[in-house]
Amino acid sequence: MNIQAVKAIYKFEMARAWRTLFQSIVSPVLSTSLYFVVFGSAIGSRITEIDGISYGSFIVPGLIMLSLLTESIANASFGIYFPKFTGTIYELLSAPVSHFEIVLGYVGAAATKSMILGFIILATAGFFVPLQIMHPVWMVAFLVLTSVTFSLFGFIIGIWADGFEKLQIIPMVIITPLVFLGGSFYSINMLPPFWQNVTLFNPVLYLISGFRWSFYEIADVRVETSLAMISFFLAACMLVVWWIFKTGYQVKK
Amino acid sequence: MNTLISVANLSKTYASGFRALKDVSLDIRQGEILALLGPNGAGKTTLISIICGIVNPTSGSVIVAGHDIIADYRKTRAMIGLVPQELTTDAFETVWATVSFSRGLFGKKSNPDHIEKILKELSLWDKKDSKIMDLSGGMKRRVLIAKALSHEPEILFLDEPTAGVDVELRKDMWNVVRALQKSGVTIILTTHYIEEAEEIAERVGVINKGEIVVIEEKAALMNKLGKKQLTLELQQTVQSIPAQLRGYDLELSAGGDQLVYTYDTQAERTGITALLSDLSDAGIKFKDLHTTQSSLEEIFVSLVKEGA
């Protein structure tokens with residue numbers, strides 16, 4: 001195992017986050033605060049509580065997930081896409097590093113950034129609404145699993161993308177709608193039965209539901225189901241990454 | 001000298017169907033400077049890219065210091081430093097950060113003293129905290145060389161190192177290359193500038209259309225393929241070569257004021273004595289004479305033409 005290489009990639013990627021501090025940290029915190037102001041105050045005055053939890057508090061796990069998903073994908077996809085774009089990937093390919101080490105470095109750094117961001121948003125939320133975390137270990141577990149899974153997913157997008165547009169399209173067209181429709185801002189029990197069933201096909205629902213359960217012990221689906229779904233998605237991403245390196249898809253000629 | 005890199009029957013066909021390498025075999029010796037000459041698209045970069053692990057070979061094998069480049073990639077790649085042809089650098093990182101990154105990527109513990117030494121040798125020291133995107137093209141080239149040397153490689157590949165490079169950098173680079181060779185590093189460079197190969201290489205390989213046309217000691221190659229020309233400055237203009245001199249490889253030039261005789265230095269007899277005596281018999285007098293030897297460039301052009 002080339003530990004030095006993993007460290008080098010990890011450090012390099014983390015350094016990128018510090019350089020782009022505003023984009024990486026400040027802007028997600030700002031947008032989260034805006035959600036609190038708009039959704040928490042405006043809508044929260046109409047919907048006072050859901051399942052016994054004040055609306056402002058109810059949306060916290062969903063908001064964290066929203067940032068976690070988009071930032072994991074954005075960070076990891078850009079991290080591997082940019083060397084492809086500039087051509088510096090030659091160095092990565094000519095280095096004595098295994099595919100596993102490359103993924104560990106890039107995905108590890110992207111996931112770390114997301115987790116830090118998740119905690120910052122959690123702290124920000126604490127300023128606006130009362131918070132309660134019933135299962136801190138599970139909360140952290142969901143945070144880690146989600147960050148890693150979606151960083152892997154971002155890595156795949158970064159490899160697949162051959163232009164900046166492709167890099168943006170999945171997060172914008174697929175992930176953001178899925179998060180908004182996955183129960184970030186409401187409980188699916190509030191939907192008509194038909195739409196409740198449709199929502200069950202939304203994988204993000206399981207993430208948010210499980211994460212919310214670790215806060216308030218309220219969930220749209222069983223926590224075991226949430227865990228199984230995210231594990232399944234993690235395994236699927238790993239499989240795709242393995243296939244990418246095996247075939248050299250979009251990386252090696 | 002021992003063989004360090006052994007390329008055997010290497011072929012590469014790209015997905016587009018383009019055959020970049022056709023059954024290439026060659027041995028690279030430990031400690032030598034080998035120049036791979038060839039026109040654009042001859043397969044030089046593909047060959048290097050395969051050895052370095054950037055391109056997958058279609059068939060054939062490459063052994064570096066006894067290790068297969070695919071099965072034992074960690075061992076072979078750790079030994080190799082590559083300076084790519086294109087100026088592919090990071091943009092926002094500092095020179096120091098990017099060179100240190102390379103060292104780590106190749107599995108070496110950080111060693112600021114070594115990085116400092118390289119940056120100083122390449123006149124990059126005062127730029128160490130500059131962002132790469134603020135550097136000039138020549139400086140970026142230096143950064144790429146520094147990155148390749150950051151992990152103390154035993155083999156250095158320089159792919160078209162002097163493309164678009166000023167005289168000063170070229171000089172610096174050759175100094176670094178010679179110093180590296182003295183310390184035991186094997187150096188392979190590709191170029192289509194023949195002077196470069198002539199100036200620095202010990203052996204020269206010529207690649208054309210994915211095939212090695214020839215690979216020889218530079219001196220031997222020039223000797224073997226080098227033709228010498230004897231130019232005679234005539235006292236009087238000659239309209240045509242007299243019939244009794246048709247047996248010689250003669251050419252009139254400068255409007256009949258010069259007679260050029262081409263001969264092979266390797267031949268048992270150069271034929272000069274006979275020619276001079278026949279000239280005098282034919283009544284042709286000359287006032288001066290000189291000989292020239294063909295440069296590597298002329299050899300190269302003739303080789304590539306033959307292959308075409």
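Author: The largest nonpolar core has 135 residues. Such a core is a set of buried Ala, Val, Leu, Ile, Met, Phe, Trp, Tyr and Cys residues joined through C-beta atoms within 7 Å. Buried means that 20 or more other C-beta atoms lie within 10 Å of the residue's own, with C-beta atoms placed from the backbone. The residues with the most contacts inside this core are Met65(A), Tyr106(A), Val107(A), Phe155(A), Ala146(B) and Phe157(B). Its largest share, 13 residues, comes from helix 4 (residues 60–86) of chain A; helices are DSSP runs (H or I, at least four residues), numbered from the N terminus.

A second, separate core has 5 residues, among them Leu232(B), Tyr261(B), Leu275(B) and Leu279(B).

Now Tyr106(A). Beyond its neighbours within four places in sequence, Tyr106(A) is in contact with Ile9(A), Glu13(A), Ala76(A), Gly79(A), Ile80(A) and Phe155(A). Contact means C-beta atoms, placed from the backbone, within 7 Å.

A word on confidence. This is a predicted model: local features need pLDDT of at least 70, side-chain atom pairs count only at pLDDT 80 or more, and totals for chains, interfaces and linings use all residues. Residues are numbered from 1 along each chain as its sequence is written, while chains are lettered from A and ligands numbered from 1 in the order in which they are written. Chain A has a mean pLDDT (the predictor's confidence in each residue, from 0 to 100) of 88, and 100% of its residues reach 70 or more. In chain A, confidence is lowest in helix 2 (residues 21–43), at a mean of 80, and highest in helix 7 (residues 136–160), at 94.

Technical notes: Helix = DSSP H or I, 4+ residues; strand = E, 2+ residues; numbered from the N terminus. Buried ≥ 20, exposed ≤ 12 C-beta atoms within 10 Å, placed from the backbone. Contact = placed C-beta atoms within 7 Å.
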